Amino acid sequence: MFATIYVPNFFLQAVVRHADISCSTPIALIDEQEAKPLILQLNQTADNAGVRIGMSPSQGLARCLELVIKSRSAAKEHALGNLLLQYAFSLTPNVEATAPGIWTVEFTRMDNLEQKVSSVVQQLGQCGVQVQAGIAPTPDLSFLAANLAQPVLQIINPDEFLAPLSIDILALPFQR
């Protein structure tokens, strides 16, 4: 069995998790190193205000004057990645940092998987990190489950899980 630990908006969470910003504040993330910085990630409040990924910061501010623009921080991303890696290793030594904000864990023992993964998700929540996790027989299926989890979803029967899903769900990006 595999588990995917997924951090939605990983880059944004890395930057704002220690910031004294209300969760109701619209926030967008840019990469200042780019020649023409565009919004890479945003929180739900900014999305609800009409800000979209790919907009320039000035376009985002035109849609929402309260928008807070933050810049990516490699140091904060590295620190958050290390924290998540430590928690993933608390589950098993078989851990892969699959992509930014995504860790795939392979279990050799199958006892209490949902309970163990839920505990890690809860502990990360106490550290100020919003995490989703999926548990399934294959890594790809565990990634799909993690994207749909609220916050943990275990797939026992893949056919029953996949049958009602729209084909569009398979086009999930690695970062939303």
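Reply: Axes are lines fitted to C-alpha atoms, for helices over the stretch in contact, and angles run from 0 to 180 degrees between N-to-C directions. Helices (H or I, at least four residues) and strands (E, at least two) are DSSP runs, numbered from the N terminus. The model is predicted: local features need pLDDT of at least 70, side-chain atom pairs count only at pLDDT 80 or more, and totals for chains, interfaces and linings use all residues. Residues are numbered from 1 along each chain as its sequence is written, and side-chain values use heavy atoms, without hydrogens and water.

Me: How is H4 directed relative to H5?

Reply: The axes of helix H4 (residues 74-89) and helix H5 (residues 113-126) come within 10 Å and cross at roughly 150°. Angles under 35 degrees count as roughly parallel, over 145 as roughly antiparallel, 65 to 115 as roughly perpendicular and the rest as oblique. The crossing angle therefore makes H4, relative to H5, roughly antiparallel.

Me: Which residues in H5 meet Leu-83, Leu-84 and Tyr-87 in H4?

Reply: Contact means heavy atoms within 4.5 Å. On this criterion, Leu-83, Leu-84 and Tyr-87 of H4 meet, in H5, Val-120, Gln-123 and Leu-124.

Me: What is the bridge partner of Leu-29 in E3?

Reply: Two strands pair if DSSP finds at least two bridges between them. Strand E2 (residues 27-30) pairs with E3 in the antiparallel sense over 3 bridges. Within E3, the bridge partner of Leu-29 is Gln-41.
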